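Please read them with the structure open.

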Amino acid sequence: MTRPGTRCDEEELRSLFLFEKLSDDQLARLCRDGRVEWSDPGTVYREGDPAAYLYVLFEGTVVLSRRVGGEDVDVNRTSTRGVYAGAFQAYLGDQVPQVYNNSMRVTAPSRFFVLPAETFAEIMRDWFPMAVHLLEGLFFGTKNTQQAIGQRERLLALGSLTAGLTHELNNPAAAAVRATAELRERVAGMRHGLGDIAADPIRRDSVDALARIQEDTAELAARAPALSPLEASDREDVLTEWLDEHGVADGWQLAPTFVQAGFDTSWLDRIAAAVPPDVLEAAMRWLNCTVETELLLDEIEDSTTRISALVDAAKHYAQLDRAPYRHTDVHDLLDSTLVMLSQKIGAGVSVVKDYDRTLPEVAACPGELNQVWTNLVDNALSAMGGTGADGTLSVRTARDGDRLLVEIGDTGPGVPPEIRDRIFDPFFTTKPVGEGTGLGLDISWRIVVGRHGGDLRVESVPGDTRFQVRLPLSPSDPDTPEESP
């Protein structure tokens, strides 16, 4: 709620940095067209409402917030005299929507100088015509440049991610195609082998026993234990010796498959007892095809499962078919980003994950946070020398007071102190010409700080650089009065 303030004092206006260079006549006009008023704790104006006034703070505490996904997220809190908010873009006229681009509330009784938007626009054009032209050029020029280069940045990132995803998909897809072709040959071999065994009426009695053994063989192959290379080699020697002793030619070719399926000599003895000696070799080769068929089916299943997991990771990364703003688990977002960048990470980089899985979900736009993780991981990899280089990429989550901390670190040379304050500036980059646009960290800053009310900072020494993202665990209620700091 607002209430009348004191009389507008021209000298008090001059004490504010915004008006300190104005002439007496200009200050007199401000006092004539504006007013001084008090605001009690609560909302002064809301984002999206028509921008009717420019507010300049004399005393008190203001909190600015942005509407993100149905919730107000605080972006700034200050008690500095002379700070302004509201219709400060009125001089642009109908070139931009004249609405408040944030909400403002006060947490203690606060006194403002209030100037109607129409008056502010008229004063700007009358008093500073050249400045208005320069500001218009700067505003729209910067906006257009950021849009153009930001689009290029996104396209470059998309191309890199697409190349990596294509490579990752190609491996399991090729394995599935290869296994399918081999499976066709093994199935044909099984048909022919069974035909050879059953061709002689005398041997038909062995078919039922072999069918039962085949079922047991498939079950045994499904739960075969993993063996070390030395253990597998020893077992292959034992089975090869058994096959040679029982007259099975080229037993060394069958032994590796039987070992992979978990066979031992007692299993082979069972097969030998179930069929006549002259059928044993045919039975062994037929069961070998059975085992290979099961192993190939497992390979196809593993490959297609891997493809499905990659597609799911890509969908999760892009957040397709999901609300743009929702409660989300940052660990899922981090994992999907690492999967999408796995090809770029390279074999020489060790990825160390230290997750606090007890952390709650946060209210956020998942697609935008994925863009932040992508930018930070990509910068970390570049700092360590790019694809093919050695180093350690660390990803850590933890609770930091009332915020969730995501820390992405690398073992690169670090960020020099002299440029540490500039790395979040638009278009600033340390990468060679053509390799960076300087917008990655700027975009990340705007997403974390502007869109989510969080914090983004860097701590760096040679060999240990950490970008830290802090996100609110529970956005504050904009209608709840707060204590003045």
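1. Start with Glu11 and Arg14. Their side chains form a salt bridge, with an N to O distance of 3.7 Å. Both residues belong to helix H1, which spans residues 10-14. They sit three residues apart, about one turn of the helix. Bear in mind that this is a predicted model.

2. How exposed are the two partners? Glu11 counts as exposed, because its relative accessibility is 53% and the cut-off for exposed is over 50%. Arg14 has 22% relative accessibility, so Arg14 counts as partly exposed. The cut-off for buried is under 20%.

3. Arg14 has another salt bridge to look at, with Asp24. The closest N and O atoms of that pair are 2.4 Å apart. Asp24 lies in helix H2 (residues 24-33) and Arg14 in helix H1, so this pair ties together parts that are ten residues apart in sequence. Asp24 counts as exposed, because its relative accessibility is 51%.

4. Next, Glu37 and Arg35. Their side chains meet in a salt bridge at 2.9 Å, N to O. Is Glu37 buried or exposed? Glu37 is at 7% relative accessibility, so Glu37 counts as buried. Arg35 is at 34%, so Arg35 counts as partly exposed.

5. Some charged residues join up in a network. Salt bridges link Arg29, Arg32, Asp33, Glu122 and Asp126. Please view these five residues together. The general point is that side chains of opposite charge can pair when their charged atoms come close.

6. For the overall count, a search of the whole structure finds 17 salt bridges. Among them are the pairs Glu11 with Arg14, Asp24 with Arg14 and Glu37 with Arg35.

7. A separate point concerns Ser444. This residue is found in helix H13, which covers residues 440-451. Ser444 counts as buried, because its relative accessibility is 0%. Which residues does Ser444 touch, not counting those up to four places away in sequence? With that exclusion, Ser444 touches Val372, Asn375 and Leu456.

Technical notes
Residues numbered from 1 in each chain as written. Predicted model: local features only at pLDDT ≥ 70, side-chain atom pairs only at ≥ 80, totals over all residues. Heavy atoms only, no water. Salt bridge = Lys/Arg side-chain N within 4 Å of Asp/Glu carboxyl O. Helix = DSSP H or I, 4+ residues; strand = E, 2+ residues; numbered from the N terminus. Buried < 20%, exposed > 50% of the residue type's maximum accessible area, 1.4 Å probe, protein only. Contact = heavy atoms within 4.5 Å.
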